[in-house]
Amino acid sequence: MAHSTPASDGPERPDGTAYPRARSEAEWREELAPDEYRVLRAGGTEAPFTGAYTDNHDVGVYRCRACRAELFRSDAKFDSHCGWPSFFTPLAGDSVILLEDTSLGMMRTEVRCASCGGHLGHVFTGEGYATPTDQRYCINSVSLTFEPT
Ligand SMILES: [Zn+2]
C-alpha cells in the first residue's frame, strides 16, 4: 500500500495516474469552505459527534463534497456510535483509494476519493461490528454531500 501524504501534496494517485477531477490547490481553496478544505485537502478530522450526517438514516447517496463523485450509499451505513458517519463498504471498490497512514504514531488506512484525491477519513477492520464486511469506513461528514433518492 502506498504511503499517505496530505492530498494537497500532489495531483497523482498512488499508481502514478492523475486523479480525473484533480484541481490546483488555489482552485480548491476558492471552491471549498475553510472547514471543508481543512479535511478534504489537508487531511484534517472534524470533531466527533459534530458532523451533519453522523445520525442520518435517510435513504440516498453520499457524494464527495469536493467533486460530487458518488462514494457511499445509505444501505451500507450503520450505527457505529463512534461519532462519525460509518459505512461497511464503499459504493464500488474503485470509488475510493486506500493509503497507509502512519501519522499520529498510529498505523491506519486512509480513505480518499478516487476521483479528486480528497481526504474522506479512515477504514478500520476487525472491530467486531455485525456488518457483512467487519469493516468501518469512518468518514467525515464535511467530506460528503448527501443526496436523498
Ligand atoms: Zn472527490
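How many bridges join strand 4 to strand 8, and in which sense do the two strands run? Two bridges link strand 4 (residues 86-87) with strand 8, and the strands run antiparallel. Strands here are DSSP runs of E with at least two residues, helices are runs of H or I with at least four residues, and both are numbered from the N terminus. Two strands count as paired if DSSP finds at least two bridges between them.

The model is predicted: local features need pLDDT of at least 70, side-chain atom pairs count only at pLDDT 80 or more, and totals for chains, interfaces and linings use all residues. Residue numbers start from 1 along each chain as its sequence is written.

Strand 8 spans residues 135-139 and is mostly covered, with five of its five residues buried. A residue is buried if 20 or more other C-beta atoms lie within 10 Å of its own, exposed if 12 or fewer, and partly exposed in between; the C-beta atoms are placed from the backbone. Gln-135, Tyr-137 and Ile-139 point one way from strand 8. Arg-136 and Cys-138 point the other way, and these residues too are buried. In a regular strand the side chains alternate between the two faces of the sheet.

Strand 8 also pairs with strand 7 (residues 119-125), antiparallel, over five bridges. His-122 stands opposite Cys-138 of strand 8.

Ser-86 is buried because 24 other C-beta atoms lie within 10 Å. Beyond residues up to four places away in sequence, Ser-86 touches Lys-77, Phe-78, Ser-80, Arg-136, Tyr-137 and Cys-138. Contact requires C-beta atoms, placed from the backbone, within 7 Å.

The loop between strand 7 and strand 8 holds Asp-134. Phi of Asp-134 is near 55 degrees, a positive value in a residue other than glycine. Asp-134 is partly exposed because 13 other C-beta atoms lie within 10 Å. A positive phi, near 60 degrees, also occurs at Phe-49, again a residue other than glycine. Phe-49 sits in the loop between helix 2 and strand 1. This residue counts as exposed because it has 11 C-beta neighbours inside 10 Å.

Three strands form an open sheet with antiparallel pairing, in the order 2-1-9. Strand 2 (70-73) and strand 9 (144-148) are the edge strands, each pairing on one side only. The twist averages 30 degrees from one strand to the next. Axes are lines fitted to C-alpha atoms, for helices over the stretch in contact, and angles run from 0 to 180 degrees between N-to-C directions. Strand 1 (residues 60-64) pairs with strand 2 over three bridges in the antiparallel sense. Val-61 has Arg-73 as its bridge partner in strand 2.

The largest nonpolar core has 27 residues, of which Ala-66, Leu-71, Cys-113 and Ile-139 touch the most other members. Helix 2 (34-40), strand 1, strand 2, strand 6 (108-113), strand 7 and strand 8 each give two or more residues to this core. A nonpolar core is a set of buried Ala, Val, Leu, Ile, Met, Phe, Trp, Tyr and Cys residues joined through C-beta atoms within 7 Å. Leaving aside neighbours within four places in sequence, Cys-113 contacts Cys-64, Ala-66, Cys-67, Ala-69, Leu-71, Val-96, Gly-118 and Leu-120.

Key. Contact = placed C-beta atoms within 7 Å.
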